[in-house]
Amino acid sequence: MKTTRLLLAATLFLLTGCEKFALDRQMEELCAKDGGVKVYETVTLPPEMFDQWGDPFPGWRKKVLQGKPEERLGSEYRYIVETAYLKKGNPNQLFSEGVLRRYSEKIIRISDNKLLGESIVYGRTGGEVILLGHPSGTMCPTFKSADEKLIRSVFLKKGE
């Protein structure tokens, strides 16, 4: 009887980890197809349009903290962030269900509605047995900050 329970527990443990690996494979395929930062047009701005950290549009952090991230690039550009769930689940349970998301960030010039650049990142959370702690997660591509990389790739400082 003990052996049967142990075998059943081991089988469940192995089977629930399969979703994690399947979602990771799917995420890597999607990432290879369209993940990363793409710049379609750059905009050169004068040095005074950059803060001490090298980010364009000084004061943008205050706008984000005020809940207006779409206004972080001033009145001439829109910064759009979207999250699409490719697979929904509950990763915070013992036999966690995996979640697969697609994060998209875009910079659009308002005057002509032109897409200047976009960043696409895929993320997976859960899909395995959680005995202690939190569900695992991973992202693709992996870089420090997708929004910083996108914004600094589209908006360039004049003279650099």
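**Exercise 1. Charges over rings**

Find which ring the charged end of Lys 88 sits over, and do likewise for Arg 72.

Solution. Start with Lys 88: its charged end lies over the ring of Tyr 85, 5.1 Å from the ring centre. The model is a predicted one. Next take Arg 72, whose charged end is placed over the ring of Tyr 79, at 4.9 Å from the centre.

**Exercise 2. An aromatic pair**

Classify the ring pair of Tyr 77 and Phe 155 as stacked, tilted or edge-to-face.

Solution. Step one: the structure contains three aromatic pairs. Step two: in the pair of Tyr 77 and Phe 155, the ring centres are 5.0 Å apart and the planes stand at 80 degrees. Step three: planes over 60 degrees apart count as edge-to-face, so the pair of Tyr 77 and Phe 155 is edge-to-face. Tyr 77 belongs to strand E3 and Phe 155 to strand E7 (residues 155-157), so that the pair links distant parts of the chain, 78 residues apart.

**Exercise 3. Buried or exposed?**

Decide whether Tyr 77, Phe 155 and Phe 95 are buried, partly exposed or exposed.

Solution. The cut-off for buried is under 20% relative accessible area. Tyr 77 has 8% and is buried; Phe 155, at 2%, is buried too. Phe 95 has 38%, which makes Phe 95 partly exposed. Phe 95 is located in the loop between strand E3 (77-87) and strand E4 (99-109). Together with Leu 94, Leu 131 and Leu 132, Phe 95 makes a nonpolar surface patch of about 470 Å².

Terms used: Residues numbered from 1 in each chain as written. Predicted model: local features only at pLDDT ≥ 70, side-chain atom pairs only at ≥ 80, totals over all residues. Heavy atoms only, no water. Patch = residues over 30% accessible without salt bridge, like charges linked within 9 Å, V, L, I, M, F, W, Y side chains within 5 Å. Areas by Shrake-Rupley, 256 points an atom, 1.4 Å probe, with all protein chains shown as cover. Salt bridge = Lys/Arg side-chain N within 4 Å of Asp/Glu carboxyl O. Helix = DSSP H or I, 4+ residues; strand = E, 2+ residues; numbered from the N terminus. Buried < 20%, exposed > 50% of the residue type's maximum accessible area, 1.4 Å probe, protein only. Phe/Tyr/Trp six-rings, centres within 6.5 Å; stacked < 30°, edge-to-face > 60°. Lys NZ or Arg CZ within 6 Å of the ring centre and 35° of its normal.
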